[in-house]
Amino acid sequence: MKAFLGAALRSRDVPHAILLTGEDTESFLAIARAFGAALLCEDPQEGEDGVPCACGVCASCMKIAAGDHPDFIEAQHEKPGSFGVDDVRRLRQDVRIKPYSGDFKIYLLPDAEKLTAQAQNALLKTLEEPPDYAVLILAAKDDAGFLPTVLSRCVRLPGRPMPEEELKEFLMKSGAAEAEAELLAGLSGGSPGRAMAMAADETFFPFVRQSVRLFDGLANTGIRAIADFLKESVTEERQQYFVELLRMWCRDALAAKRAGAAASLIFGEEIHNISTSAALSFGALAAVDEATLLALRRLRAKGNADLILELMLLRVREAMREG
Ligand SMILES: [Zn+2]
């Protein structure tokens with residue numbers, strides 16, 4: 001994604017339609033904004049590998065930062081759940097107006113996976129005969145809902161998850177402590193945007209601590225307390241993280257079993273009672289791991305999440321009780 005956009009910036013040979021796909025929408029929008037800013041900047045600077053980047057201080061850059069550049073338009077959709085044909089019509093009318101200054105007029109369409117089939121057909125007309133200056137950047141979670149006719153007119157740039165080590169370094173440079181960075185890198189599935197959102201959420205780390213404590217004491221926890229914890233602390237958007245946390249807990253226990261005090265752990269001793277979990281047998285930890293994998297598969301298949309998590313914890317409790 002970055003290599004392609006960098007080459008387009010160097011040559012100023014920019015495709016009329018670009019489709020960015022992947023889960024990490026926040027990062028894609030940041031990339032698309034940086035790309036647009038560099039393309040429109042009045043005094044582009046030389047960045048990494050000779051790729052031009054926005055100066056950040058010219059009139060154009062200031063307008064983009066303030067969100068009111070007439071040639072950099074973030075398309076809106078009226079209904080939150082769908083990007084409809086009326087939204088696209090508004091955009092098409094605007095495309096006909098020449099750029100205010102410079103060679104390009106850039107449209108960013110976030111949530112492009114919400115474009116209805118009708119809206120896509122309307123958009124197709126612009127994609128088929130775009131004015132020279134028009135650049136449409138569509139950012140979507142995936143390309144499953146797109147018409148083949150639309151896909152064939154877009155340069156498709158799928159995002160790849162950032163490797164965990166690289167993401168951890170990036171987060172540490174952004175100010176996260178090492179243990180925090182490691183945790184966020186592991187939980188975010190290689191998505192810097194998601195990791196940054198978790199870091200900014202002040203309830204996230206308390207949730208992590210409470211979850212780890214629950215896992216530590218699970219052998220002696222009653223079914224009512226388990227159900228209450230799930231109901232109160234594990235909100236819908238945290239269900240998958242909750243399972244990932246249990247996988248990390250299990251990883252720590254295995255590391256401590258193998259390397260003892262020398263093990264490098266994800267959760268610090270102040271939250272993870274590692275001597276208890278490391279005392280579990282390899283068989284028990286394998287059963288925990290298996291239960292988490294099963295839960296992830298079931299969550300992906302959109303089963304009843306409360307039930308899936310409760311069954312997972314009961315299976316883990318059983319394994320811990322057996323030792
Ligand atoms: Zn500038």
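Biologist: What does the secondary structure of the protein come to?
Modeller: This is a predicted model, where local features need pLDDT of at least 70, side-chain atom pairs count only at pLDDT 80 or more, and totals for chains, interfaces and linings use all residues. Residues are numbered from 1 along each chain as its sequence is written. Helices (H or I, at least four residues) and strands (E, at least two) are DSSP runs, numbered from the N terminus. The protein comes to 15 helices and seven strands.

Biologist: Is Ala38 buried or exposed?
Modeller: Ala38 sits in helix α2 (residues 25-40). Ala38 touches Leu9, Pro44, Pro52, Cys53 and Ala54, leaving out residues up to four places away in sequence; a contact needs C-beta atoms, placed from the backbone, within 7 Å. A residue is buried if 20 or more other C-beta atoms lie within 10 Å of its own, exposed if 12 or fewer, and partly exposed in between. Ala38 has 22 C-beta neighbours inside 10 Å, so it counts as buried.

Biologist: How are α4 and α5 oriented to each other?
Modeller: Axes are lines fitted to C-alpha atoms, for helices over the stretch in contact, and angles run from 0 to 180 degrees between N-to-C directions. The axes of α4 (residues 85-96) and α5 (residues 117-128) come within 8 Å and cross at roughly 15°. Angles under 35 degrees count as roughly parallel, over 145 as roughly antiparallel, 65 to 115 as roughly perpendicular and the rest as oblique. So α4 and α5 are roughly parallel.

Biologist: How do the residues of the contact of α4 with α5 divide?
Modeller: Val85, Asp87, Val88, Arg89, Arg92 and Val95 in α4 meet Gln118, Ala119, Ala122, Leu123 and Thr126 in α5. Ala, Val, Leu, Ile, Met, Phe, Trp, Tyr, Cys and Pro count as nonpolar, Asp, Glu, Lys and Arg as charged, and the others, Gly among them, as polar. The division is six nonpolar, two polar and three charged.

Biologist: What is the orientation of α8 and α9?
Modeller: Their axes are 9 Å apart, at an angle of about 130°. Leu184, Ala185 and Leu187 of α8 and Ala195, Met198 and Ala199 of α9 make the contact. By the angle, α8 and α9 are therefore oblique.

Biologist: What is the phi of Asp111?
Modeller: Most residues other than glycine have a negative phi. Asp111 lies in the loop between β5 (105-109) and α5. With 19 C-beta neighbours inside 10 Å, Asp111 counts as partly exposed. Its phi is positive, near 55°.

Biologist: Where is Lys302?
Modeller: Lys302 is not a glycine, yet has a positive phi of about 65°. Lys302 is exposed, with 8 other C-beta atoms within 10 Å. Its place is the loop between α14 and α15.

Methods. Contact = placed C-beta atoms within 7 Å.
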